[in-house]
Structure formats: C-alpha cells, structure tokens
Amino acid sequence: MHHPASTNASARPVKLPHRALKDADWGDSFVITVDKPGLGAREAARHVINSAPRWYYHLLALRNAIVRPLGLKTDLDTAAMTKVDTIGVFPVISETDDCVILGLDDHHLNFRIVFETEALERNRTLVRSITLVRRNNTLGRIYLAAILPFHNLIVPAMLNAAYGSR
C-alpha cells in the first residue's frame, strides 16, 4: 500500500551549535516529506524559494523600506553582487548533493538557511529547511524579534506551496 507524503510542513527542533553557523544563538527547522526520489538539495531549495506566496514579496518590500535607512542589507544589495551564486536572493555559501547553505553576514546579524534532503523509504525524500541566526548586537536582537512571527508563517507556507498537497 502506498502512503502519500505528508501534506504539511512541521517544525522540528534544531541543535546548536550547528556546523553551518557555529556561533548561531538562535535556530529553527521545518520539514516536509515529498514523493520525489532522488531530490537534491539545490533543486529543493530553488523550488521552495520560488514557491513563496505573493504576500511574502509585499512583506519583503516593507522590510527593505524599513531597514534600508538603518544601513542593513536588502535583497537589492545581494542582487547587485556580481559573480555570486544565488538561489533566489540568497547567496550560496556551500553545497553538496544533499545540503545547500545560503546566507549573509551583516553588522546586526549573520544568518544561514540550510536546505537538506534525505532519502526515505518508498521513494520519498525528506526536505528540511533550517534557519540559523547569530545576533551580533541589540539591533540584531530587536530585528529577529520583529520578524519571527512572519518567519514562522513564511517558511512552512513556502514548503507547503512547493511540496504540500493542494
């Protein structure tokens, strides 16, 4: 009997320190199981990031308008980087077949988004999205606190849009 993949992303604990950002002081993880054997991390990352709901782009534009006067990096800054491999607006830091690490260091915080894929039984693949943050100062702590409610909606929404059942 065939068991369909889970239809919704779910939160999973993340253990710190994490190899992708050894000095991270905050992290979370969401997973979804998909009926797609042999799915690589880059393909999964690209599909998840490109599946962002429309409201995400409105929030990103609002975020950029608020943080630009504070001197923080925006997606326009990363888009202007030449010769940088990106997935969406996020620079690729390192990559293997089953793990791609995206991220950026800024003066207020450093962050990494880790996409991992893991082969499961019955031709299914686990897709894991881990977010890691190192808050560098008070602005970083305030910034993370302000965006967390949105982050906790956006990440599962993107995983569900990419791979959840409709």
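Here is a walk through this protein, from its overall make-up to a few individual residues.

First, some ground rules: this is a predicted model, in which local features need pLDDT of at least 70 and side-chain atom pairs count only at pLDDT 80 or more, while totals for chains, interfaces and linings use all residues. Residues are numbered from 1 along each chain as its sequence is written, and side-chain values use heavy atoms, with hydrogens and water left out.

Let's start with the whole protein. It has four helices and seven strands, where helices (H or I, at least four residues) and strands (E, at least two) are DSSP runs, numbered from the N terminus. Of the 166 residues, 46% are buried. Buried here means under 20% relative accessible area, exposed means over 50%, and partly exposed is in between, with a 1.4 Å probe and protein chains only. The accessible surface comes to about 9100 Å², and carbon and sulfur atoms account for 58% of that. Such areas come from the Shrake-Rupley method with a 1.4 Å probe; for residues, only the protein chains shown count as cover. As for contacts (heavy atoms within 4.5 Å), take those between residues at least 6 apart in sequence: 63% of them join residues at least 24 apart.

Now to a pair of helices. Two packed helices are described by the angle between their axes and the distance between the axes. Helix α1 covers residues 41-49 and helix α4 covers residues 138-163; their axes come within 8 Å and cross at roughly 105°. That makes α1 roughly perpendicular to α4, a label used for angles of 65 to 115 degrees, with under 35 counting as roughly parallel, over 145 as roughly antiparallel and the rest as oblique. The axes themselves are lines fitted to C-alpha atoms, for helices over the stretch in contact, and the angles run from 0 to 180 degrees between N-to-C directions.

Which residues of α1 and α4 meet? On the α1 side they are Glu43, Ala44, His47, Val48 and Ile49, and on the α4 side Met158, Leu159, Ala162 and Tyr163. The residues of this contact divide into seven nonpolar, one polar and one charged. For that sorting, Ala, Val, Leu, Ile, Met, Phe, Trp, Tyr, Cys and Pro count as nonpolar, Asp, Glu, Lys and Arg as charged, and the others, Gly among them, as polar.

Stay with α1 for a moment. Its buried residues are Ala41, Arg42, Ala44, Ala45, Val48 and Ile49. They cover an arc of only 165° around the axis, which puts them on the same side of α1; the arc is that of the directions from the helix axis to the C-beta atoms.

Have a look at Arg42 in that helix. Is Arg42 buried or exposed? With a relative accessible area of 18%, Arg42 is buried. Leaving aside residues up to four places away in sequence, Arg42 touches Asp85, Thr86, Ile87, Val92, Glu95 and Val100. Arg42 and Ile87 are 45 residues apart in sequence, and their C-alpha atoms are 8.2 Å apart in space.

Next comes the loop between β1 (10-12) and β2 (26-34), where you'll find Pro17. A cis peptide bond joins Leu16 and Pro17, with omega about 0°. Val14 is in the loop between β1 and β2 too, and is partly exposed at 21% relative accessible area. Beyond residues up to four places away in sequence, Val14 touches Gly27, Asp28, Ser29, Ile130 and Leu132. Leu21 also belongs to the loop between β1 and β2, but at 6% relative accessible area Leu21 is buried. Again not counting residues up to four places away in sequence, Leu21 touches Asn110, Phe111, Arg112, Leu132, Val133 and Arg134.

Arg122 has a positive phi near 60° without being a glycine, and is partly exposed, with a relative accessible area of 43%. Asn123, found in the loop between β6 and β7, has a positive phi of about 60° although it is not a glycine. At 55% relative accessibility, Asn123 counts as exposed. Apart from residues up to four places away in sequence, Asn123 touches Val34, Asp35, Lys36 and Pro37. The C-alpha atoms of Asn123 and Asp35 are separated by 6.4 Å, with the two residues 88 apart along the chain.
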